[in-house]
Amino acid sequence: MKKSARWIPAAAIPVAVIAAGIVVPSVAANAEVDLPDKTPQQVLALVAGSSDAAFSGTVEQTSDLGLPDLPAGMSSGSGDASSQALEMLTGDHTAQVFADGATKQRVQVVEDLAERNVIRDGSDVWTYDSSSKEATHLTLPDRSASDALETSVDGADLPQTPGELADAVLDAVDDSTTVTSSDDVSVAGRDAYEVVLSPDDAETLVGRVVLTVDAETGVPLKVVVEARGQSEPAISVGFTSVSFDAPDASVFAFAPPADATVTEVDKPADGAHGDGAPGHEGASTEHPARTVIGSGWSAVVGLTPAKGTAPAGSSASDPTGGSAALLDQVMTPVDGGRALQTSLVSVLLTDDGRVFVGAVDADALVAAASAPAE
């Protein structure tokens, strides 16, 4: 059975974007590790040169964002993306991850006898949820040939490896960021450097970020994000075991089961990214318009629904009522819409269907939504 879908029309966009970081591994540092000295800039250069690395391993993840427990019945087993995203942010999870360079990756989460996969093999990207028997398939355009795996193809980007979270964090680094070295440590049996990123930005909810980087390969082994004023890590992701042998090619081969419902997802072609506000150059009538307000750690991302698609979080965008009901449980009314504020990230759904997300408080999102378009 096949159906078609547009790129990023999902009701789950706001909650899923929150998951731009998840998780902290239960592994201890080893104070006896003594590596050759490197400056923080040299360590970050190691990270930049690790995109073609091959590895496989187990990632453990937890989060402490101050989110309430999921309402009864709103579990990931429902197959609803909003439910899955919130569930990932409110519990402990284990994933198997595999990579062989920039164009072959797989993330596999197994919980409660169900399995969720995101697989990239060249230009083909698949997701599959065994509980709902739903699969999605995306063929990447040529311009994405060297892009890293996006762990969703329905609008929900869920970084689930230290490298993915490190990329998201490093994108926020600007001149206001203090970058320092920390102790050499051991993670998952690997000697590693630690670099601490401390934002000097009064608007952001991010307190600091600790990157742990494999000394030999430059691959991020662990990323911990601390919220301002919070004693425990808010979000983080890290390996508990890792091998740098190349995974077998069969790991990245996927064919949906015969009883799966397959959705073919349309990715914007070159020149149709949907970036910019409606009516501006680069905007698309088929894909959500994306704008970035501000920069660095306090930047706010705004999404305007594509023409002809239901607003995020509306009952029309989710006929089963799952996403809309779930969002109603965790969001509070604000001027012009509904907001969810955690210790680290806030999300605003406006009454006119726009979405605003940032590592800032809800008031900053309301202000961003009210600002006139440039």
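Colleague: What share of the residues of the protein chain counts as buried?

Modeller: This is a predicted model. Of its 374 residues, 51% count as buried. The accessible surface comes to about 16,400 Å². Carbon and sulfur atoms hold 48% of that surface.

Colleague: How many helices and strands does the protein chain have?

Modeller: The secondary structure comes to six helices and 20 strands. Then look at contact range. Among contacts between residues at least 6 apart in sequence, 60% join residues at least 24 apart. Here is one pair for scale. Q61 and A95 are 34 residues apart in sequence, yet their C-alpha atoms are 8.2 Å apart in space.

Colleague: Where is Q61 found? Does it count as buried or exposed?

Modeller: Q61 is in strand β2, residues 54-61. Buried means under 20% relative accessible area. Q61 counts as buried because its relative accessibility is 1%.

Colleague: Now the cores. Which residues have the most contacts inside the largest nonpolar core?

Modeller: The general idea comes first. In soluble globular proteins, nonpolar side chains tend to be buried together. Here the largest nonpolar core has 51 residues. Those with the most contacts inside it are F55, V169, V209, V223, V225 and L344.

Colleague: Take L344. What is it in contact with, leaving aside its neighbours within four places in sequence?

Modeller: The list for L344 includes L65, L205, V206 and V225. It also includes A234, I235, G358, A359 and V360.

Colleague: Next, helix α2. Which of its residues are buried?

Modeller: Read a helix by its sides. In α2, residues 40-48, the buried residues are P40, V43 and V47. They lie on the same side of α2, because they cover an arc of only 65 degrees around the axis. On the other side, Q41 and A48 are exposed.

Colleague: What covers the buried residues of α2?

Modeller: The cover includes helix α4 (162-170) and strand β8 (177-181). Strands β10, β11 and β12 are also part of it.

Colleague: Let us follow β11. How many of its residues are buried?

Modeller: Seven of the nine residues of β11, residues 206-214, are buried. The strand is therefore largely enclosed by the rest of the structure.

Colleague: How many bridges join β10 to β11? And which residue stands opposite L211?

Modeller: Six bridges join β10 to β11, and the two run antiparallel. V195 stands opposite L211 of β11. A hairpin links β10 to β11 through six residues.

Colleague: How many bridges pair β11 with β12?

Modeller: β11 pairs with β12, residues 220-227, over seven bridges in the antiparallel sense. T212 stands opposite K222 of β12. The hairpin of β11 and β12 has five residues between the strands. Within that hairpin, G218 takes a positive phi near 80 degrees.

Colleague: Last, the open sheet of six strands. What is its order?

Modeller: The order is β15-β16-β20-β19-β18-β17, with antiparallel pairing. The edge strands are β15 (289-293) and β17 (332-334), and each pairs on one side only. Neighbouring strands of this sheet are turned by 25 degrees against each other on average, direction ignored.

Colleague: How many bridges join β15 to β16?

Modeller: Five bridges join β15 to β16, residues 300-304, and the strands run antiparallel. R290 stands opposite L303 of β16.

Colleague: Which helix lies across β15 and β16?

Modeller: Helix α6, residues 362-370, lies across them. It also lies across β17, β18 (337-341), β19 (346-350) and β20 (355-358). Helix α6 runs at about 40 degrees to β19.

Notes
Residues numbered from 1 in each chain as written. Predicted model: local features only at pLDDT ≥ 70, side-chain atom pairs only at ≥ 80, totals over all residues. Heavy atoms only, no water. Helix = DSSP H or I, 4+ residues; strand = E, 2+ residues; numbered from the N terminus. Buried < 20%, exposed > 50% of the residue type's maximum accessible area, 1.4 Å probe, protein only. Core = buried A, V, L, I, M, F, W, Y, C linked by side-chain atoms within 4.5 Å. Contact = heavy atoms within 4.5 Å. Pairing = 2+ DSSP bridges. Arc of directions from axis to C-beta. Areas by Shrake-Rupley, 256 points an atom, 1.4 Å probe, with all protein chains shown as cover. Axes fitted to C-alpha atoms, helices over the stretch in contact; angles between N-to-C directions.
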